[in-house]
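Please keep the sequence and the 3D view at hand while reading.

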Amino acid sequence: MKFEDVYRYSKDADTVMRMFSDRAYFEKKYAETTLDYEVLEHELSADTFRIRCKLTMPLNVPVPGFAKKFFGQTMNVVQEDTWDLKNRTGRLTVELAGVPVTVKATMALREGSGGGENHVNWDIGCNIPLVGNKVAKLVADDIQAKSPGDLSVSEKILAEY
């Protein structure tokens, strides 16, 4: 399952990139949007930024009967964000504990008419026979259900930059 989301911010792309390459941003965002988080790895150089975090997150969509053996009320995930700071392009990968789903995305932070815009192209796959597409759609729906809250928290944090 592939889809694109565009996240629009009130400040310019360079300011948003500064936020996206700051460990403190992720800590503040995850403190508000997850049940628990831990920063596992973090690297920052002149050219790249990378952060890998373990997150416990609530599901934001109802879980149908066929998926209950894969999902509980929460999801344990490991998410890694990697940015090329000069080109303002990135990758995002999410590993879901106990769920055979692949979640990847490419990101491109661009200047929009009202501020920075993060164009995120998601690619979600699941190889479970018969229900794989339904499980991938459930994960995609959950990502899209979380997006407005994530953007709101990020926009609030962006005021500090």
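Helix 2 (residues 23–33) lies across strand 2, strand 3 (48–58) and strand 4 (74–84), and runs at about 10 degrees to strand 3. Here helices (H or I, at least four residues) and strands (E, at least two) are DSSP runs numbered from the N terminus, contact means heavy atoms within 4.5 Å, and axes are lines fitted to C-alpha atoms, for helices over the stretch in contact, with angles from 0 to 180 degrees between N-to-C directions.

The model is predicted, so that local features need pLDDT of at least 70 and side-chain atom pairs count only at pLDDT 80 or more, while totals for chains, interfaces and linings use all residues. Residues are numbered from 1 along each chain as its sequence is written, and side-chain values use heavy atoms, with hydrogens and water left out.

Seven strands form an open sheet in the order 1-7-6-5-4-3-2, with antiparallel pairing. Its edge strands are strand 1 (2–8) and strand 2 (36–44), each of which pairs on one side only. On average, neighbouring strands of this sheet are turned by 15 degrees against each other, direction ignored. Two strands are said to pair if DSSP finds at least two bridges between them.

| Hairpin | Residues between the strands | Turn glycine and its positive phi |
|---|---|---|
| Strand 5 and strand 6 | four residues | Gly98, about 75 degrees |
| Strand 6 and strand 7 | four residues | Gly115, about 150 degrees |

Strand 5 (residues 89–96) and strand 6 (residues 101–111) pair in the antiparallel sense over seven bridges, and Thr89 has Ala108 in strand 6 as its bridge partner. Strand 6 also pairs in the antiparallel sense with strand 7 (residues 116–126), over 11 bridges. There, Ala108 has His119 in strand 7 as its bridge partner, and Arg110 has Glu117.

**Helix 3**

Helix 3 (residues 132–158) has 27 residues and reaches 37 Å from its first C-alpha to its last, close to the 39 Å expected at 1.5 Å a residue, where the expected span is 1.5 Å times one less than the number of residues. Helix 3 bends by about 35 degrees at Ser147, and a proline, Pro148, follows within four residues; the bend is the angle between axes fitted to the seven residues ending at a residue and the seven starting there.

**Cysteines**

A search of the whole structure finds zero disulfides, a disulfide being a pair of cysteine sulfur atoms within 2.5 Å. Cys53 counts as buried at 1% relative accessibility, and Cys126 is buried with a relative accessible area of 11%. Buried means under 20% relative accessible area, exposed over 50%, and partly exposed in between (1.4 Å probe, protein chains only).
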